[in-house]
Amino acid sequence: MNAAWTIDGVREALGTKKISARELASDFYKRIAERNQELNAYLTLSEERAYLQADRIDGLVAAGKVLPPLAGVPIAIKDVISTRGVRTTCGSKILENYIPPYDATAVERLEAAGAVMLGKTNCDEFAMGSSTENSAYGPVRNPESTDRVPGGSSGGSAAAVAAGLAVASLGTDTGGSIRQPGSFCGIPAMMGSYGRVSRYGLIAFASSLDRIGPFATSTRDVAAVMGVIAGRDTNDSTSTTAPVPDYRAAMGKPVKGLRIGIPKEYFGAGMDEGVRKKIEAGIAVFEKLGCELREIHMAHTDYAIATYYIIATAEASSNLARYDGVRYGLRVEADSLLAMYRKTRGAGFGAEVKRRIVLGTYVLSAGYYDAFYLKGQRVRALIAQDFREAFSKVDVLVTPTSPVPPFLLGERTSDPLQMYLADIYTVTGSLAGVPGISVPCGKICGKLPVGLQIFGPAFGEARVLLLADAFEQAGGASV
Amino acid sequence: MRISREDVEKVAELANLELSEAELEMYRTQIDEILEYIGKLNELDTTGVEPMAQVLADEESADATLREDDIVRCDVAAEILEQAPDREASYFRVPKVIER
């Protein structure tokens, strides 16, 4: 196990000159060189950019300047997030050599806060998947148990942090793609409210659902990264003007008396017994902390997967129309424009992406639009209503993150519907737009990590983080 | 059967996606199963429920937060063109579209 760095630890070490930002970055590149061949967490390393930034931080230290909040912190960025001058593939052959001409706002903010970007992490192609087995560049292995998947789609970002190959990372979550890999790799992982973090520069999958959010080794570090990337950005009209509270300052307060809703529907059939036991033990931790537990009902939970796979694929089929071999990415030559489009897309996209484009185009096509797409949007409204009603009675919701522990590589690839069904506990919050975090909640047989999910009301990130931190401090990770 | 092979072919054409014979058959079977599952939404009466296209409250919606349409210098034309699979001067080149 590598020495575990935290954001505070990095700041302390830089401030007291125990290590320079350059030495720290170099140390992380050594770790990556040792471990990445096995894990396949990183697709591209950005050494030049990392050392340039590290030297800037070392300059601040030498000049005795006040260090920015993430000074020298080595971070990794999911490869669906644009980085100027650094290859961004989306885990797809169609963007194998794509070099973005601009930075995503989240990346720009992290670097402005002093973070050192080490490289880009592997993921399911265009963030479509729950195991990172849909990457065109090979699967990622779970550092906790290397014959198993790290979850997905942000499997590389989760694995990099869990293996000590980055102190924090960014992932994206459309139906669970941050929270579920966080759960599988045994680290905290957060999706803020829809609109909390700018999507500018995030290569779109499903625009009404996509969100950028952090992975780290502690809830405090998750909060620190969230505080940096959150907030209004004029380049994303859906990023909100709601003020960003000091998330870290909100932590450490008493949680006694907070009302926790336990939705009955999240403990139904299909849930692994090992997961159930750990989540029950996790809930007991909240009880010990003096929280008030209430069983509640969320009547439309069982319809969330069907709704999600209509809306997400419909939006994806539209968003992915831009990959046409004209302006960037792969082109397969043909004698007519249409044939060029078709061959390019047929050759450039992988199996899951094509499946979703076909399904998404179908649910939007004439004759099926009302029956599928509009029906899905109506049920989405009912699911969002379930959440609003729940939050009129309780302060947060606590659920499992995934019904199953990390599964074996190849175990579920042959049956797409079964893979989709495992997203049941995460897609609900995605559809409703609320914030959610997954925090470690023990390991089955001491080896398979389980994640406990906390949902808060829209823009209630501070409350979610307060509870997650209290859970962690009370030993929740080792129940 | 909810979706035929012809449906999949038609949809793939709409999406400008070339699929092999094997892919057509695989997607037909898999999407048929997925549509069967999605059909469970019909158990719900959604009469009078407004379709929800996005989650933001009205005062935070994209329409309410549009910025001024100001010109901002963005000097990346060369970098953008650099990404083109085929180009000539400052144009993207594509196969001939109009027959003479």
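A residue is called buried if 20 or more other C-beta atoms, placed from the backbone, lie within 10 Å of its own, exposed if 12 or fewer do, and partly exposed in between. This is a predicted model, in which local features need pLDDT of at least 70 and side-chain atom pairs count only at pLDDT 80 or more, while totals for chains, interfaces and linings use all residues. Residues are numbered from 1 along each chain as its sequence is written, and chains are lettered from A in the order in which they are written.

In α2(B), the buried residues are Y27(B), R28(B), I31(B), I34(B), L35(B) and I38(B). Because they cover an arc of only 145 degrees around the axis, the arc being that of the directions from the helix axis to the C-beta atoms, they lie on the same side of α2(B). Their cover includes α1 (5–14) of chain B together with α9, α11, α12 and α13 of chain A; helices here are DSSP runs (H or I, at least four residues), numbered from the N terminus.

Between the chains, 57 residues of chain A are in contact with 45 residues of chain B, a contact being two residues whose C-beta atoms, placed from the backbone, lie within 7 Å. The following helices of chain A each supply at least two residues of the side that touches chain B, and α12(A) gives the most, with 11 residues.

| Helix of chain A | Residues |
|---|---|
| α9 | residues 304–319 |
| α10 | residues 337–348 |
| α11 | residues 351–364 |
| α12 | residues 369–390 |
| α13 | residues 416–421 |

Of the 479 residues of chain A, 63% count as buried.
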